[in-house]
Amino acid sequence: MPAAKKTKAKSKPKAKSGAKPRTRAKSTKARKKPAKAKAKPAKKKKALKPEVRERLEIKELKAKALSPPKRVPDAAFSVLLAEKQQELRTFDSSGSVAKECSKLYRSFTNEQREHYNHIANQNKASYDTKYREWILSHSPLKILEANNARAALKKRSKGQRSWPKLHDERLVTRQRGPYIKFSIQRHRSGDFAGIPLGEAGKLIAAEWRELGEDEKKPFFQEAEQDMARYEQEVKAVYDRAVKHEKAKA
C-alpha cells in the first residue's frame, strides 16, 4: 500500500509590521455616579433648664469675681479664738469655744491683751501687704469687672453670702449728676443734723424741685465738668470710651 501523505498544519498568517493592536471599544454608556448622601439636618440645641442656666451663670460670675488672699485674724479676740480652734483642731459651729474665749479674754491682764494686740497688728500689716500686691497683679479693668460680678452675685445670694467690693485706688470714681451735687452740698451744710436720712432726702428733693433754672445752672455746669473728668480717666485707666447716659436732673 502506498504510504499515507503527511499533511502540514497551516501556519497562521503573520501580523503585518506596524499594525496597531486591537483595542476593545469603549462603552458609550456613562457610568452612574454614586448618589450624594443627603446632609442630615442639624440637631437643634435643647434649651437649658432655668436652674441649669442659673448654675452656669453663677459659675461664670464667680470666675470673674476673683479670689483675694484669705484674711487672717486682725483683732486680739480673733487671734485668741483662732488659737483655741487650732488647738482643738475643729471649727466652732456651736459657739461654745467662742463663749469660752470671750470669758477668758475678759479676764486677761494688760500684758496678755498687749501680747494679742501685737499679734493682731502684725497679721493686719502682713495681710495688707499681700492684698495690695494681689490687687496690683491685676489690671484696673479686671478689678472693675470683678466688682461688677461681685455685685451681681450679692444680689443673687439674697444676703446669704457676702461679696465685698475689692478696694483698688486705681479705679475711676463715677461722675455725679446735678441733683447729687446739690444733695451733697445740702447735707454738708448741717441744716439736716438730727433728721433721719430718708426724711432729709425728701426735704432736699422738695427744695430741688422748687429751684429755678438759673439756680440749678451751677450744678449742671459742675456735673458737666465732672463728666469730662470721668471720660478722660476712663480712657486713660480702662482704655475704653464712656457710654453716655442722660444725667438725671
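1. Start with the crossing: helix 6 goes past helix 7 in a right-handed sense. The contact draws on Pro178, Tyr179, Phe182, Ser183, Arg186 and His187 from helix 6, and on Leu197, Ala200, Gly201, Ile204, Ala205, Glu207 and Trp208 from helix 7. Sorted by type, the residues of this contact come out as eight nonpolar, three polar and two charged. Bear in mind as you read on that this is a predicted model.

2. On the geometry of that packing, helix 6 covers residues 178-188 and helix 7 covers residues 197-210. Their axes sit 10 Å apart, at an angle of about 120°. The pair is therefore oblique, since the range for roughly perpendicular stops at 115 degrees and roughly antiparallel needs over 145.

3. Phenylalanine 182 and tryptophan 208 make a tilted aromatic pair, 5.3 Å from centre to centre and with 45° between the planes. This pair ties together distant parts of the chain, 26 residues apart, with phenylalanine 182 in helix 6 and tryptophan 208 in helix 7. Is phenylalanine 182 buried or exposed? Its relative accessible area is 5%, so phenylalanine 182 is buried. Tryptophan 208 counts as buried too, with a relative accessibility of 5%.

4. That pair belongs to a wider group. Ring pairs join Tyr179, Phe182, Trp208, Phe219 and Phe220 into a cluster. If you want to go through the rings one by one, the structure has ten aromatic pairs.

5. One of those pairs is in helix 4. Tyrosine 131 and tryptophan 134 form a tilted pair, with 6.2 Å between centres and 35° between planes. Why are tyrosine 131 and tryptophan 134 separated by about one helical turn? Because the two are three residues apart in helix 4, which runs over residues 110-136. Tyrosine 131 has a relative accessible area of 17% and is buried; tryptophan 134, at 15%, is buried as well. The cut-off for buried is under 20%, so tyrosine 131 at 17% qualifies.

6. Staying in helix 4, have a look at tyrosine 127. With a relative accessible area of 8%, tyrosine 127 is buried. What does tyrosine 127 touch, not counting residues up to four places away in sequence? The list is Pro69, Lys70, Arg71 and Val72. Tyrosine 127 is also 8.8 Å from aspartate 74, C-alpha to C-alpha, although 53 residues separate the two in sequence.

7. Two backbone angles deserve a look. As background, most residues other than glycine have a negative phi. Leucine 66 has a positive phi of about 65°, and it is not a glycine. Where is leucine 66? You will find leucine 66 in the loop between helix 1 (50-65) and helix 2 (76-88). Leucine 66 counts as buried, at 15% relative accessibility.

8. The other angle belongs to aspartate 239, a residue other than glycine whose phi is positive, near 55°. Aspartate 239 lies in the segment after helix 8 (213-238). Is aspartate 239 buried or exposed? Aspartate 239 has 58% relative accessibility, so it counts as exposed, whereas leucine 66 counts as buried.

Key: Residues are numbered from 1 along each chain as its sequence is written. This is a predicted model: local features need pLDDT of at least 70, side-chain atom pairs count only at pLDDT 80 or more; totals for chains, interfaces and linings use all residues. Side-chain values use heavy atoms; hydrogens and water are left out. Axes are lines fitted to C-alpha atoms, for helices over the stretch in contact, and angles run from 0 to 180 degrees between N-to-C directions. Helices (H or I, at least four residues) and strands (E, at least two) are DSSP runs, numbered from the N terminus. Angles under 35 degrees count as roughly parallel, over 145 as roughly antiparallel, 65 to 115 as roughly perpendicular and the rest as oblique. A crossing is left-handed if the near helix is turned anticlockwise from the far one by less than a right angle, and right-handed if clockwise. Contact means heavy atoms within 4.5 Å. Ala, Val, Leu, Ile, Met, Phe, Trp, Tyr, Cys and Pro count as nonpolar, Asp, Glu, Lys and Arg as charged, and the others, Gly among them, as polar. Rings of Phe, Tyr and Trp (its six-membered ring) pair if their centres lie within 6.5 Å; planes under 30 degrees apart count as stacked, over 60 as edge-to-face and the rest as tilted. Buried means under 20% relative accessible area, exposed over 50%, partly exposed in between (1.4 Å probe, protein chains only).
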